[in-house]
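The report below is meant for a reader who is meeting this structure for the first time. It begins with the pocket and then turns to the cores, the helices and a few single residues.

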Amino acid sequence: MARPKVPLISRRKALDAALEIVDGEGLDALSIRRLGEALKVNGASLYHHFRNKDEILVGVTQLALADVATPRTENENWRVWLPLNAYRTRQALISHPELIPVMLRRAPLGIGLTEVEASVQRLQSEGVPLPMIAPLMEGLELLAITSALQETGMAGSMKDEDGDVATPSLHAALDARGMSSEELFQVMASSMISIIESTIQLKETRLAAERLSEA
């Protein structure tokens, strides 16, 4: 369907309304028609901004993740801003849990590719070894998604069909744990950076030793 020459509503207003639908009614409720109803416009007018539902999902997810951005100044070290972005990703997904399935398809949908590219370049400029960059970024993103799943209860229930706790020992252990899920996330993010850094350095040391032995 051809896009109208003059938009009846702004793209930002459409995305705000779409995010409200996703949060309030669920991901499956979102459609061009439903969004048009919410905005009180003919759904066809939305084709000025979006070709299909996937484009709306991309826009909505980028809106929710607006605070996840590569620093624009040189003041922040990567050890600060990279885990901070993972934390912001976690918080955004906790606030908008219906977007978690979309986040799992982030790369194929092209969500956040500009920021990802900028982050890779920034990490390189700060001297992070190239072999470390992808494991760092992928690991922290997966940690953020998993933590958000756990926090929002989307990781699965511990109750059986009768509503009783199916795993009482685990339930007791979780009640007695000495840190919140947010604190656990922060500890794991910090540990992950150290582990990945040590692993890459160890591999590079081994490769260097192998080259020397072959020379």
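## The largest pocket

In this predicted model, helix α8 supplies the largest share of the lining of the largest pocket, namely eight residues. The lining as a whole is made up of 32 residues, and those that lie nearest the centre of the pocket are Met 103, Arg 106, Val 116, Met 137 and Glu 141. At least two lining residues come from each of the helices α4 (78-95), α6 (106-109), α7 (113-125) and α8 (130-151).

The volume of the largest pocket is about 700 Å³. When the lining residues are sorted by class, 21 are nonpolar, seven are polar and four are charged.

## The nonpolar cores

The largest nonpolar core holds 34 residues, and the members that touch the most other members are Leu 35, Leu 39, Ile 56 and Leu 99. Two or more residues of this core come from each of α1 (11-25), α2 (32-39), α3 (53-64), α4, α5 (100-103) and α8, and the helix that gives the most is α1, with seven residues.

Once neighbours within four places in sequence are left aside, Leu 99 is in contact with Leu 19, Val 22, Leu 27, Val 60, Thr 61, Ala 64 and Leu 93. Leu 39, for its part, is placed in helix α2 and counts as buried because its relative accessibility is 12%, where buried means under 20%. Not counting residues up to four places away in sequence, Leu 39 touches Ile 9, Lys 13, Ala 14, Ala 17 and Leu 46. With Ala 14, Leu 39 forms a pair that is 25 residues apart in sequence, while their C-alpha atoms are 7.3 Å apart in space.

## Helix α1 and its surroundings

Helix α1 has 15 residues, and the distance from its first C-alpha to its last is 21 Å, close to the 21 Å expected at 1.5 Å a residue. The buried residues in α1 are Ala 14, Leu 15, Ala 17, Ala 18, Leu 19, Ile 21 and Val 22, and among the elements that cover them are α2 and α3. Just after α1, Gly 26 takes a positive phi of about 105°.

A positive phi also occurs at Lys 40, where the angle is about 60° although the residue is not a glycine. Lys 40 is placed in the loop between α2 and α3, and it counts as exposed because its relative accessibility is 78%, with exposed meaning over 50%.

## Helix α4 and its partners

Helix α4 has 18 residues and reaches 25 Å from its first C-alpha to its last, which is close to the 26 Å expected at 1.5 Å a residue. The residues of α4 that are buried are Trp 78, Trp 81, Leu 82, Pro 83, Asn 85, Ala 86, Thr 89, Arg 90, Ala 92 and Leu 93. These buried residues pack against α3, α5, α7, α8 and α10 (181-214).

Not counting residues up to four places away in sequence, Thr 89 touches Leu 65, Val 68, Met 103 and Ala 144.

Glu 182 is found in helix α10, and it counts as partly exposed because its relative accessibility is 31%. Apart from residues up to four places away in sequence, Glu 182 touches Tyr 87 and Arg 90. Glu 182 and Gln 91 are 91 residues apart in sequence, and the C-alpha atoms of this pair are 9.5 Å apart in space.

Leu 174 is found in helix α9 (residues 168-176), and it counts as partly exposed because its relative accessibility is 32%. The C-alpha atoms of Leu 174 and Val 102, which are 72 residues apart along the chain, are separated by 29 Å.

Note on methods. Residues are numbered from 1 along each chain as its sequence is written. This is a predicted model: local features need pLDDT of at least 70, side-chain atom pairs count only at pLDDT 80 or more; totals for chains, interfaces and linings use all residues. Side-chain values use heavy atoms; hydrogens and water are left out. On a 1 Å grid over the protein atoms alone, a cavity is a set of points where a 1.4 Å probe fits but cannot get out, and a pocket is an open set with protein on both sides within 12 Å along at least five of seven lines; lining residues have an atom within 4 Å of a point. Grid points are joined across faces, edges and corners, and a volume is the space filled by probe spheres set on the points. Helices (H or I, at least four residues) and strands (E, at least two) are DSSP runs, numbered from the N terminus. Ala, Val, Leu, Ile, Met, Phe, Trp, Tyr, Cys and Pro count as nonpolar, Asp, Glu, Lys and Arg as charged, and the others, Gly among them, as polar. Buried means under 20% relative accessible area, exposed over 50%, partly exposed in between (1.4 Å probe, protein chains only). A nonpolar core is a set of buried Ala, Val, Leu, Ile, Met, Phe, Trp, Tyr and Cys residues joined through side-chain atoms within 4.5 Å. Contact means heavy atoms within 4.5 Å. The expected span of a helix is 1.5 Å times one less than its number of residues.
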